[in-house]
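Let's take a walk through one protein chain together. Have a look at the structure below, then read on.

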Amino acid sequence: MSNTEQLHYQLAHIGMNCRDEEEARETADLLQKLFGWEQKETEGSIFAGDGFEIMKHPFLGRLGHAAILCDDAAQAKKQLEERGVEFDDETAGYTEDGRLNTIYFRHDIAGFRFHLKQR
């Protein structure tokens, strides 16, 4: 079994950048109308189901972001750095006990800024 399989990478959600809160609400409402996905609002975004986070204002990534779940964010960061990925350490978030919880890549991939998210 490869290290990649052991970390169990999985898409958590796609973040979609909107120009403002009005566009975010319109987008979330449309997704709910089309697919029946329930909305959950946070300070900076509206989730449409579990798969889409509609940002109320432009955020990281030209188009948005992609959250990647993994079993061990610190180990995944190390593994991806060995594969040439650079991380933006200023975006790192930690659990109460000091473990890495989330961190964004430094550069976009096809307009999306990927980030790791501890499962």
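## Two partners for one residue

In strand S4, phenylalanine 52 is the bridge partner of isoleucine 14. Keep in mind as you look around that this is a predicted model. Isoleucine 14 also stands opposite alanine 66, which belongs to strand S5.

Now zoom out to the strands themselves. S1 covers residues 10–17 and S5 covers residues 64–70, and these two pair in the antiparallel sense. S1 and S4, where S4 is residues 52–55, run parallel instead. Here are the two pairings next to each other:

| Strand pair | Sense | Bridges |
|---|---|---|
| S1 (residues 10–17) and S5 (residues 64–70) | antiparallel | 6 bridges |
| S1 and S4 (residues 52–55) | parallel | 4 bridges |

## Stepping back to the whole chain

How many helices and strands does the protein chain have? The count is 3 helices and 8 strands. If you start at the N terminus and follow the chain, the order is α-β-α-β-β-β-β-α-β-β-β.

Next, the overall dimensions. The C-alpha trace spans about 40 × 30 × 25 Å along its principal axes. For a chain of 119 residues, a compact globule would have a radius of gyration near 14 Å, and the 15 Å of this protein chain agrees with that.

What about contacts along the sequence? Take the contacts between residues at least 6 apart in sequence: 59% of them join residues at least 24 apart.

## Surface and charge

Of the 119 residues, 38% count as buried. As for charge, you'll find 14 positive and 23 negative side chains, with the centres of the two sets 2 Å apart.

## A closer look at histidine 115

Let's finish with a single residue. Histidine 115 sits in strand S8, which is made of residues 112–118. Is histidine 115 buried or exposed? Histidine 115 is buried, because its relative accessible area is 5% and the cut-off for buried is under 20%.

Which residues does histidine 115 touch, once you set aside its neighbours within four places in sequence? Its contacts include His13, His65, Ala66, Ala67 and Ile68, along with Thr102, Ile103 and Tyr104. Ala66 in that list is the alanine that stands opposite isoleucine 14.

In sequence, glutamate 41 and histidine 115 are 74 residues apart, and in space they are 20 Å apart from C-alpha to C-alpha.

Note on methods: Residues are numbered from 1 along each chain as its sequence is written. This is a predicted model: local features need pLDDT of at least 70, side-chain atom pairs count only at pLDDT 80 or more; totals for chains, interfaces and linings use all residues. Side-chain values use heavy atoms; hydrogens and water are left out. The radius of gyration is taken over C-alpha atoms; the globule rule is 2.2 Å times the number of residues to the power 0.38. Buried means under 20% relative accessible area, exposed over 50%, partly exposed in between (1.4 Å probe, protein chains only). Contact means heavy atoms within 4.5 Å. Lys and Arg count as positive and Asp and Glu as negative; His and the chain ends are not counted. The place of a charge is taken as NZ of Lys, CZ of Arg, CG of Asp or CD of Glu. Two strands pair if DSSP finds at least two bridges between them.
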